[in-house]
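Student: I have a new model open and would like to go through it with you. Could we start with how one of the chains is built?

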Amino acid sequence: MKAVCWYGKEDVRVETVPDPEIVNPHDAIIQITSTAICGSDLHLYDGYIPSMKKGDILGHEFMGEVVDTGKENTALQKGDRVVVPFPIACGQCFYCRRDLWSLCDNTNPNAWATDKVYGDAGAGIFGYSHLLGGYAGGQAEYARVPFGDVGPVKVPEGLSDEQVLFLSDIFPTGYMAADNCSIQPGDTIAVWGCGPVGQFAIKSAYLLGAERVIAIDRVPERLQMAEQFGKADIINYEEVDSVTEELKTRTGGRGPDACIDAVGLEAHGTGIGNLYDQAKQTVRLETDRPYVLREAIMACRKGGTLSIPGVYGGVIDKIPFGAAFAKGLTFKMGQTHVHRYLRPLLELIEKGEVDPSNIITHRLSLEDAPHAYKTFKEKEDDCIKVVMKP
Amino acid sequence: MEAKTQITPGSIKVDKSITIDMAPEVLYRFWRNPENIPFVIRNIKSVKKIDDTRSHWTARGPVGMKMEWDSKIINDTENGQIDWRSVEGSELPNSGSVFFRKAPGDRGTEVRVIFRYDPPGGTVGATVAKLFGDEPSQQIADGLRKFKQIMETGEIATIIGQPSGK
């Protein structure tokens, strides 16, 4: 089959590789009909996530048709059309039973290594480095889906691939980011980053009862989408002296009730802090650039919540923890518990309350993957979200 | 209570715990059959029962290294604890214990494995010490995770044999 393989920094290629086969009794093999590039794939593309190996198949946002199942997988039949959640969860362990699916105990074959780096290991994830399991991803013609009886959700008739594909990651990720804000009536939510996850976080914050959402970015078409698709107020951070001050001004001096960092470890900023992070990250003294995180801590109102869907991978510097302590902030973060949100969000799509396909800007063939990665990374051609067809 | 073992200066000890969502009885039964031990301690290649308490163990290390010894269960508390020790005169004196304790809040069973071995001195000793790899602790932790996976889900997470563009 054809698959998008990683070979190093800014080096992805479409290669012919063997087809996947059933390995474990709960597996399913999916023939992929649509697959997307995620903003977090760019962290791999840029070489910031450790433990990638040459030839690894990328991709964790995919859907398709079931073509084979393991002998214990009675939940799926050949021909079922399904969306696959990006974390792999067993459905049996302490964490799965408590609805904390991305923290599953039993799906990371390399848990021993992750344990050393992070103190414990969460779920395995498709196409996202060997620390997170080393599973072959879904930017390919076929994928093996472990615990295919637990994760994949069947797509009802009448819904297109583009409407449901983002249930695999970014819609639930944006939704959980808003859910983590414990939104109360009257709340103002600030969202840093108007990429796809930011867009869904904005939408979800309103769905969950926010009074107002303020979106922060510097890319004009992304800010425009936040205004039009999300109905957010916007701040172009390159056009204000201080995002923190601007947010205070717009919230009567209080600060936003909750702040969402939908940017993560490759934040861009302005000023001296940004230069500091860029320099340290370049020589790998610091793995992550926590520019947004610092800003959010300073901006958030006392007793407020910081919700972090943006990915962090390692060590960060100069976090104003004293400010976070003094203001009594709550931090909520982590990989998305996609399984928790799949069915309720599918219902919202069915009812027509959200049409996720609105954020797609580029539709390409799988063969175009190298070009698609570059376009997405450079934000060329107003690129916000790429969907590929194998 | 741990099994009493003579600790010599070169002694190596591994002490690892894991919580498994299953009753102590089931887990105890698995461990009470020493022939299952190679599943968790992977450089023990095979264990064959001689009688109810004695068994014959074979371990393999790097570069074809192989050692064999007889081991004996010296303490057996049903659903609570099993201690074993190699019989006197073994090339690689070793001992182990496994403990089962109900986790608080009905969260399954805490399984704790302690495994010790006393490599002989000198160059031979240094080689024998490698029998269980550079990081015996990691090896047993990984074995325990796989044990938990098979008990809780009926399969072991793996990526062996999957496609890659390598």
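Student: In what sense do strand 3 and strand 4 of chain B pair, and over how many bridges?

Tutor: Strand 3 (residues 54–60) and strand 4 (residues 66–77) of chain B pair in the antiparallel sense over 7 bridges; strands are DSSP runs of E with at least two residues, numbered from the N terminus, and two of them pair if DSSP finds at least two bridges between them. This is a predicted model, in which local features need pLDDT of at least 70, side-chain atom pairs count only at pLDDT 80 or more, and totals for chains, interfaces and linings use all residues. Residues are numbered from 1 along each chain as its sequence is written, while chains are lettered from A and ligands numbered from 1 in the order in which they are written.

Student: What stands opposite Trp57(B) in strand 4 of chain B?

Tutor: Trp57(B) faces Trp69(B) there.

Student: In what order do the 7 strands of chain B form the sheet?

Tutor: The sheet of chain B is open, with antiparallel pairing and the order 1-7-6-5-4-3-2. Strand 1 (12–20) and strand 2 (44–49) of chain B are at the edges and have a single partner strand each, so one side of each lacks a neighbour in the sheet.

Student: Switching topic, how many residues of chain B are in contact with chain A?

Tutor: 21 residues of chain B are in contact with 34 residues of chain A, where contact requires C-beta atoms, placed from the backbone, to lie within 7 Å.

Student: And what ipTM does the predictor give the complex?

Tutor: The ipTM is 0.90, and the pTM is 0.93.

Conventions:
Contact = placed C-beta atoms within 7 Å. Helix = DSSP H or I, 4+ residues; strand = E, 2+ residues; numbered from the N terminus.
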